[in-house]
Amino acid sequence: MGTMTAANLKEYWSADATSYIPFYPNTFSRERFTQIFWMLHAEIFSAQQSQPRTRLQLITGYLEYINSKLLNYFTPGKEICVDESVVKYKGRVSFITYNPKKPTKWGIRIYTLADSGTGYICGILPYYGSLTTQSLIRPDLPVSTRIPLHLYTTLLNKVPGAQRHHMFTDRYYTSY
């Protein structure tokens with residue numbers, strides 16, 4: 001839905017010949033999608049439960065679950081790509097990013113590992129500011145180098161026998 005924008009959610013299931021997209025009605029019904037969409041929420045910790053160390057733990061569990069399932073249903077080809085995406089968001093969080101040169105100016109930055117042939121996202125790494133860099137491998141390297149290494153290491157750990165991939169990046173991740 002991020003790559004094929006429509007006026008509203010109902011348009012994705014439209015049977016009109018000019019705006020028909022077969023993927024959505026073939027995957028699941030509009031009613032089932034809206035049911036999942038409106039019931040999806042982040043867990044709120046109660047006072048009896050263990051106190052979260054950060055505000056990010058409200059959504060981190062959900063993102064880790066999605067990240068763990070991405071490679072269960074798809075094995076990427078030899079060519080993979082690491083790039084950053086911005087999910088549009090104008091709420092109040094400490095890690096929101098602003099870039100006036102991008103089409104989506106305000107949002108949450110997410111680093112993605114994708115299959116170059118199909119565009120399927122195989123791994124995600126949300127940007128939480130300095131909290132993101134603390135968990136990355138190889139602290140002796142620059143952050144822009146550690147991000148692709150972290151995503152590729154995740155791929156190698158989850159897919160047995162994965163090796164000899166060709167990784168493509170843009171200028172942000174390359175250095176001398």
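Visitor: Which elements do the buried residues of α5 pack against?

Guide: Keeping in mind that this is a predicted model, the buried residues of α5 pack against β1, β3, β4, α4 (130–134) and β5 (166–168). The residues of α5 that are buried are S144, R146, I147, P148, L151, Y152 and L155.

Visitor: How do you know that the span of α5 is close to the expected one?

Guide: The helix α5 has 16 residues, and from its first C-alpha to its last it reaches 23 Å, which is close to the 22 Å expected at 1.5 Å a residue.

Visitor: What makes up the largest nonpolar core, and which of its residues touch the most other members?

Guide: That core has 15 residues, and Y111, L113, L125, I147, L151 and L155 are the ones that touch the most other members. At least two residues come from each of β1 (79–88), β3 (106–115), β4 (121–126) and α5 (143–158), and α5 gives the most, with four residues. In soluble globular proteins, nonpolar side chains tend to be buried together. Leaving aside residues up to four places away in sequence, L155 touches L71, P76, I80, L113 and H165.

Visitor: Why is the pair of W13 and Y24 called tilted?

Guide: The ring centres of W13 and Y24 are 5.8 Å apart, with 55 degrees between the planes. Because W13 lies in the segment before α1 (23–27) and Y24 lies in helix α1, the pair ties together parts that are 11 residues apart in sequence. Both W13 and Y24 are buried.

Visitor: What makes the pair of F37 and W38 edge-to-face?

Guide: The ring centres of F37 and W38 are 5.1 Å apart and their planes stand at 80 degrees, and since planes over 60 degrees apart count as edge-to-face, that is the label this pair receives. With a relative accessibility of 40%, F37 counts as partly exposed, whereas W38, at 67%, counts as exposed. One aromatic cluster is formed by Y12, W13, F23, Y24, F28, F33, F37 and W38.

Visitor: How do you know that R109 lies over the face of Y127?

Guide: R109 is at 5.7 Å from the ring centre of Y127, and the cut-off for a charge over a ring is 6 Å, together with a limit of 35 degrees from the ring normal; R109 is therefore counted as lying over the face of Y127.

Visitor: Where does K102 lie, and why is K102 called partly exposed?

Guide: K102 lies in the loop between β2 (97–98) and β3. The relative accessible area of K102 is 34%, which falls between the 20% and 50% limits, so K102 is partly exposed. From C-alpha to C-alpha, K102 and V86 are 9.0 Å apart in space, while in sequence they are 16 residues apart.

How values were computed. Residues numbered from 1 in each chain as written. Predicted model: local features only at pLDDT ≥ 70, side-chain atom pairs only at ≥ 80, totals over all residues. Heavy atoms only, no water. Core = buried A, V, L, I, M, F, W, Y, C linked by side-chain atoms within 4.5 Å. Buried < 20%, exposed > 50% of the residue type's maximum accessible area, 1.4 Å probe, protein only. Contact = heavy atoms within 4.5 Å. Phe/Tyr/Trp six-rings, centres within 6.5 Å; stacked < 30°, edge-to-face > 60°. Expected span 1.5 Å × (residues − 1).
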